[in-house]
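Work through the exercises below with the sequence and the structure side by side, and try each task before you read its solution.

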Amino acid sequence: MHIRPATADDAIGMSVVLRSLTAAGLRTRPDSPEFALQNYIAPADGILCSVAESEAGAVLGLQSLKRASPGNPYGVTPGWGIIGTHICPDATRQGIGKALFVATLDAARDAGLTDIDATIGADNAQGLAYYEAMGFRTYRRMEGAVCKRFTLSGASHGRSVSQES
């Protein structure tokens with residue numbers, strides 16, 4: 001497995017991952033290559049989108065990090081990061097999410113973020129467990145979703161992190 005920044009050439013492979021999640025009943029949002037390009041690879045507020053690819057070059061998962069802008073759809077504090085993680089159901093439990101988060105943390109520090117929000121469907125037990133394992137802690141709830149927060153200490157380039165309970 002290899003972790004690298006996503007490029008426009010990854011839109012189709014990312015869409016395959018998103019469609020596999022839709023087919024498994026784990027996703028309800030759009031899953032087209034155009035959606036992947038506009039919302040993950042090249043959004044106006046994007047910081048980093050990474051892909052995990054197999055030795056054969058297939059996209060196994062992706063993780064995006066955006067900067068929250070005023071009026072964002074999740075109600076996240078402007079200036080925080082917003083993270084999204086999507087792993088192909090056939091590729092779970094292989095350390096992909098953890099490896100993606102290493103790259104995301106470096107990008108978050110480089111971008112000077114102090115906090116990262118993960119808004120997860122309240123019925124997404126696997127997603128909730130993943131973010132909890134990465135150090136995110138619940139800080140608020142909305143209808144149908146749990147919002148978890150990861151707080152970075154020394155966000156500029158420090159390596160120590162702390163989490164809020």
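**Exercise 1. Find how many residues the largest nonpolar core has, and which of them have the most contacts inside it.**

The model is a predicted one, in which local features need pLDDT of at least 70 and side-chain atom pairs count only at pLDDT 80 or more, while totals for chains, interfaces and linings use all residues. Residues are numbered from 1 along each chain as its sequence is written, and side-chain values use heavy atoms, with hydrogens and water left out.

Step 1. A nonpolar core is a set of buried Ala, Val, Leu, Ile, Met, Phe, Trp, Tyr and Cys residues joined through side-chain atoms within 4.5 Å, where buried means under 20% relative accessible area (1.4 Å probe, protein chains only).

Step 2. The largest such core has 21 residues, and those with the most contacts inside it are Met 14, Tyr 40, Leu 62 and Ile 96.

Step 3. Helix H1 (11-23), H2, E2, E3 and H3 each supply at least two residues of this core, and H1 gives the most, with five residues; these names stand for DSSP runs numbered from the N terminus, helices being H or I with at least four residues and strands being E with at least two.

Step 4. Contact means heavy atoms within 4.5 Å. Leaving aside neighbours within four places in sequence, Tyr 40 is in contact with residues including Met 14, Leu 18, Leu 62 and His 86.

**Exercise 2. Decide whether Glu 53 is buried or exposed, and name the residue whose side chain it joins in a polar contact.**

Step 1. Glu 53 belongs to strand E2 (residues 46-53).

Step 2. Glu 53 counts as buried because its relative accessibility is 14%.

Step 3. A polar contact of 3.1 Å joins the side chains of Glu 53 and Arg 4; the term means a pair of N or O atoms within 3.5 Å, where, within protein, one must be able to donate a hydrogen and the other to accept it, and residues adjacent in sequence count only if both atoms are side-chain atoms.

Notes:
Buried means under 20% relative accessible area, exposed over 50%, partly exposed in between (1.4 Å probe, protein chains only).
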